[in-house]
Amino acid sequence: MKTRVAALVAVCLVPLAACTSPAPSPTSTPSTTVPSGSAATTTTPGNSPTPSASPTSGGRPSALPAVVVLSGTAIGNLPLGKAPATVVDPLVVARLGKAKVGQPELCRSATDRTALATVEHSWPGFAVRYGSSGSAAVAIGWTVDLTDVPDGFELDARLPWRPTFSALKHLDGVEFSTESGVRYAELPRERITWSGPVAAARPDTLDGGTRLTCG
């Protein structure tokens with residue numbers, strides 16, 4: 001089994017070089033297969049306070065928005081499941097500085113058990129996970145440390161940053177679960193998940209995108 005997993009890692013992680021490679025040429029648009037349900041629409045999240053940046057032909061934002069609005073389907077107006085690191089990273093780097101690149105991991109979603117090679121780029125209070133299943137790596141999710149929410153980012157106006165777990169029970173469609181001492185409150189439709197220690201009154205982490213099991 002270990003030999004099989006090691007071989008899968010070797011095959012899957014090659015495309016992750018796209019995370020640090022130069023921006024793609026104007027005539028090539030990366031595409032990939034991501035976990036079922038993680039591909040986002042190309043619309044800006046509802047009730048966004050300011051317009052977000054749009055990519056130029058060179059693969060970088062043409063102008064930085066005053067605020068980046070986070071939703072379960074996008075970072076600004078850059079859709080999860082489609083936007084490559086060469087477009088997403090500059091948007092975050094302009095606010096939070098150079099990213100710390102984590103170690104590659106194999107992850108799976110609850111809806112698609114196919115192994116997905118991923119790597120996390122992190123900043124103080126914020127992280128973006130990029131994934132690839134055989135093509136260029138694209139953003140598939142983000143994480144905010146709710147004890148240290150970075151400046152310049154806002155959650156889609158329909159949802160609160162850090163409600164109590166009791167308050168989350170009143171949200172339509174919320175699903176609660178507990179795993180390894182962590183309590184999760186997930187809105188599958190919005191692809192938003194709050195989490196924190198079982199005994200805590202409030203969550204300390206917020207994730208956007210399809211929930212993944214990694215390692």
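**Notebook: pocket, core, sheet and loops**

I began with the largest pocket, which is lined by 30 residues; nearest its centre lie Asp207, Thr210, Arg211, Leu212 and Thr213. I worked on a predicted model, in which local features need pLDDT of at least 70 and side-chain atom pairs count only at pLDDT 80 or more, while totals for chains, interfaces and linings use all residues. Residues are numbered from 1 along each chain as its sequence is written, and side-chain values use heavy atoms, with hydrogens and water left out.

A pocket here is an open set of points on a 1 Å grid over the protein atoms alone, where a 1.4 Å probe fits, with protein on both sides within 12 Å along at least five of seven lines; lining residues have an atom within 4 Å of a point. I noted a volume of about 720 Å³ for the largest pocket, a volume being the space filled by probe spheres set on the points. By class, I found 9 nonpolar, 13 polar and 8 charged residues in the lining. Strands S8 (138–145), S11 (182–187), S12 (192–197), S13 (205–209) and S14 (212–214) each supply at least two lining residues. Strands (E, at least two residues) and helices (H or I, at least four) are DSSP runs, numbered from the N terminus.

Ser180 lies in the loop between S10 (175–179) and S11; its phi is positive, about 50°, although Ser180 is not a glycine. I recorded Ser180 as exposed because its relative accessibility is 75% (exposed is over 50%, buried under 20%, with a 1.4 Å probe and protein chains only). Arg191, in the loop between S11 and S12, also is not a glycine and has a positive phi, near 60°.

Of its 33 residues, Ile75, Phe126, Trp142 and Trp194 touch the most other members. The largest share of this core, 5 residues, comes from helix H2.

In H2 (residues 85–96) I found buried residues including Ala85, Val88 and Leu91. Its 12 residues should span 16 Å at 1.5 Å a residue, and the end C-alpha atoms are 15 Å apart, which agrees. Gly97, with a positive phi near 90°, follows H2.

Lastly I traced an open sheet of 4 strands, ordered S3-S2-S1-S9, with mixed pairing (strands pair if DSSP finds at least two bridges between them). The edge strands are S3 (78–79) and S9 (153–155). S1 (residues 68–71) and S9 run parallel, joined by 3 bridges; Leu70 has Leu155 of S9 as its bridge partner.

Key. The expected span of a helix is 1.5 Å times one less than its number of residues. A nonpolar core is a set of buried Ala, Val, Leu, Ile, Met, Phe, Trp, Tyr and Cys residues joined through side-chain atoms within 4.5 Å. Ala, Val, Leu, Ile, Met, Phe, Trp, Tyr, Cys and Pro count as nonpolar, Asp, Glu, Lys and Arg as charged, and the others, Gly among them, as polar.
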